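Thank you all for coming; I would like to walk you slowly through one structure today.

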Amino acid sequence: MIRNSTQDSSLAKRLRKETTAEVLFDEFSRGLYSTDASIYQIKPLGVVVPETEEDVLATLSIANDNGVSVTMRGSGTSQCGQTVGEGIIVDVSKHLNRLIKLDPEKRQAVVQPGIVLDQLNALLKPHKLFFPVDVSTSSRATIGGMTANNSCGARSIRYGKMVDNVLAVNAVLADGSQMHFAELGNGTASAAPEWQQQMVSQLLELGTRETKEVAKRFPKVQRRVGGYNLDVLTSEARSSLNLAHLLVGSEGTLAVSNKIHLNLQTIPEHKVLGVCHFPTFYEAMSTTQHLVELGPDAVELVDQTMLELAAEIPQFQQKLKRFVKGKPGSLLLVEFAGTEFDPLKLKLRELDELMSAHGFPDSVVEAIDPGFQKEVWDVRKSGLNIMMSMKGDGKPVSCIEDCAVELTDLAEYTSRLNELFAKYGTTGTWYAHASVGCLHVRPVLNMKQELGAKQLRAITEETFAIVREYKGSHSGEHGDGLVRSEFHEVMFGRRLVKAFEEIKKIFDPCDLLNPGKIVQPSRMDDRGLFRYSPDYQQSNMPTGLDWSEWGGFDRAVEMCNNNGACRKFNTEVMCPSYRVTMDERHLTRGRANALRLALSGQLGKKAFSSPEMYETMQLCVGCKACRRECPTGVDMNRMKTEFLYHYHRKHGISLRERLFAYMPRYAPQVSKFGGLANLRDMIPGLSGISEKLLGLSGKRELPKWHSKPFSPEEISNKTTGPEVVLFADSFNTYFEPNVLRDGLAVLEADDRKVIVSGAVNKQRRLCCGRTFLSSGLIDEAKLEAARLLEYLSPYVERGVPIVGLEPSCVFTIKDELPSLLPGKQSQELADHVQLLESYLLAEHQAGRLNFKFKTTESEKVLLHGHCHQKAFDAMDSTVKLLQSVPGIEVETIPSSCCGMAGSFGYQAENYEVSIQMAELSLLPRIRQVAAGDHIAACGTSCRHQIEHGSGRMALHPISLLRNWCIS
């Protein structure tokens, strides 16, 4: 971590001295933790990332001594500003994330607050158990954050809210006192220390006093999470009083959780899903109350806007085609679960009959296969990010998205809201929990303008007035934070707000724990607290790449809404650097925030091209996963290229960078002396010298220059079939030419007349520009792009297929070429070029491929996909092509980036991180591969990493195909 010593306050020094935590008081770290998934931004005094529970206790003690507030944070995905504050931010997600205890028989677990829901459920699955509060952000939501928020999820109609599933909480008060909050009874209160007995007595007295007021003012709907859970203290609830339930939903304002005791559920053996189609949104809302009578586990809304936006996002396009018929006005996803399958099938039949009875015959798409169901839920769970993928300054804003009303009022309520949006010249987005009358509705507002702030308040106030008419709740799942705390008085009355303040004072008399949330709040429309404050500056910096699709580079960066999908730990690619370091700085979201803050001048005038920014961007491996897996389309690979362009123009480019970047240009000359060029890894000591002089890791061999590079002259000229252009990339040409020879042989084996690209000039062959882009040398990449267009465009015009073998080169043309040289010609070439596997599979499926294969026994291929293939959903063609060979079984290794990423893994400072990325899933699986099985990898860097890390050789899939073909 780069840190200026002048930034080290006495507080930071004491924290470093008395804890083992990471203590981050530098400007960049403070900026990264100044936002969550809300519209707010408050720069903290500093950040503490504790390694142990003792670090949390010490931090609270030191903060108390200094009168500094503390805000606890999990994944930082709060939508109402709960996790931003002016004091110390304590991030428990990196280290305090263990499953401490599991009792399968009692179906109970004890966890640390930083454990992520999906990770917890993965640990519970072998015991056929799960934690049932299934929020859509389960891939990054921490149990501590869910407890603080009183989260609910899609299946709350079956399993309830967090308050219904938390058994006890071990917590620390602001003064450092520790207490076990649990169900009272059996003399537990009398056995507690005197100070705890006094606290309990005060709380019970308050609850008794306010019993009638609570009964009068608290909404009776299931989804009420606003304010403190004062209802658990009333005399009516005394028989089952559990003090832990007072902490649930308190947003870290009363105490700090360090152990949370959970009630678990048995995983349902079977699930079925019915996707109900409605012509209009209103009809979907009016029918919900009837669907619920069937006893489903979930009824979730997906509206037309969400469907239209999702159709523009690559990762959802194929999924939508499977379950959306025509152009519905809205969908309702109705799920049934149970121990037996036949009754669930009957439920689907009843669902279809009910829909027909209400005038919607043949409108239910049944999803019985678990894989199909997952695809449907993937779209629904990405609802927020899909909505936030709107380009431009107008975005769906969180303010009224949590209101809940009775189902009988739902259709009328939503209709009135649409009229309200029209009144203020805007529209709204709708999705989520129809089953409990809690729809996530957001008006589309431009929060960069004063008008947006005025509309925000007006729409919020008028909506809450409507909600009160229906005796609903203004806060139904996402908590209060900075958005809704201000409105407790109009919802609950002044008396109960005073009672909330009393509770806060009992727990935290000095107001040190997350101040300004639930009690004593600021105005929700205080623009000084907005991410886009009145003095926010848009950047007018000239750029190397074309960012017009977003309205500029700065607006492309602003597409990150901080919802944290990049924090997931499943087997997809995004985000490999975060999965290794678990540092906010090395996360797609962290980098986007740093870029936004720097571009807008909030980190200083020179921050954008500073060494701190270079450090922030350094571990981005350019995998392009975020381009596909981030629902808002934040393309950090392209953003890093733009950053490096400006950074190197200011600071110059190192010799090592030049060696990597200009390799395609000097390769024809160096390859003539391949033996000499390879001496670095042959003579003892030279690798160490190269590490000291050039920063090339001595722990890894460099790619070996081949003595016989691939040449266009190797074409046989005997074939007479259809023409195909083979793009001879620099990596395979000079280091692994046999891969290109295998590609040529496969094409010629089926009588294709092959034209090898780059035959214009033997001394300077065609290049995609990948190496230049990786180093930020955009101007050089543009020169290569112009040559590509000049040579390849005539083939595009003639309809001649253009194929390549190296994914990073093929997808550079498909992805970056239009941003280098915008225009029709570039886009046509980008659309036209494809991987050789994709071309061969299409020819095979069309009956135009006539390979004859050797008779072989059953063989297995373990396939590692290149990151860029995964980012463009292009793995399927490779898998299916290999499967077309008789007797071949293909297993795709569920892996993220291999860690090489071109030159990244050769750089000495990145070597350890590179290996750690490979060890996440790829290398452990490779080591399990049987000796007779094949290992395939499309990328040259991937093959090098596999051999380096496991000793096993991987082949390009086309090389395997050639081995199986009869010439």
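Predicted model: local features only at pLDDT ≥ 70, side-chain atom pairs only at ≥ 80, totals over all residues.

**A walk through the model**

Residues are numbered from 1 along each chain as its sequence is written, and side-chain values use heavy atoms, with hydrogens and water left out.

In soluble globular proteins, nonpolar side chains tend to be buried together. By a nonpolar core I mean a set of buried Ala, Val, Leu, Ile, Met, Phe, Trp, Tyr and Cys residues joined through side-chain atoms within 4.5 Å, where buried is under 20% relative accessible area, exposed is over 50%, and partly exposed lies in between, with a 1.4 Å probe and protein chains only. The largest such core here has 110 residues, and those touching the most other members are Phe131, Ile143, Leu230, Leu332, Leu351 and Phe507. Helix α16, residues 407-423, gives this core its largest share, 7 residues; helices are DSSP runs of H or I with at least four residues, and strands are runs of E with at least two, numbered from the N terminus. There is also a second, separate core of 86 residues, which includes Ile89, Trp547, Met663 and Ala785.

Now to a lysine: is Lys517 buried or exposed? Lys517 is buried, at a relative accessible area of 2%, and it sits in the loop between α20 (494-507) and α21 (553-557). Leaving aside neighbours within four places in sequence, its contacts, meaning heavy atoms within 4.5 Å, include Gly81, Gln82, Glu251 and Ser485. The Lys517 side chain also reaches the backbone oxygen of Val84 at 2.9 Å, while the C-alpha atoms of Lys517 and Gly481, which are 36 residues apart along the chain, are separated by 4.9 Å.

Next, helix α26: 13 of its 16 residues are buried, so the helix is largely enclosed by the rest of the structure. Just after α26, Gly652 takes a positive phi of about 85°.

Finally, the cysteines: the structure holds 0 disulfides, a disulfide being a pair of cysteine sulfur atoms within 2.5 Å. The sulfur of Cys898 has its closest cysteine sulfur in Cys942, at 3.9 Å, too far for a bond, and for Cys438 the closest is in Cys152, at 6.9 Å, again too far. Cys438 is buried at 0% relative accessible area, and Cys898 counts as buried at 2%.

Note on methods:
Polar contact = N/O pair within 3.5 Å; in protein donor to acceptor, adjacent residues only side chain to side chain.
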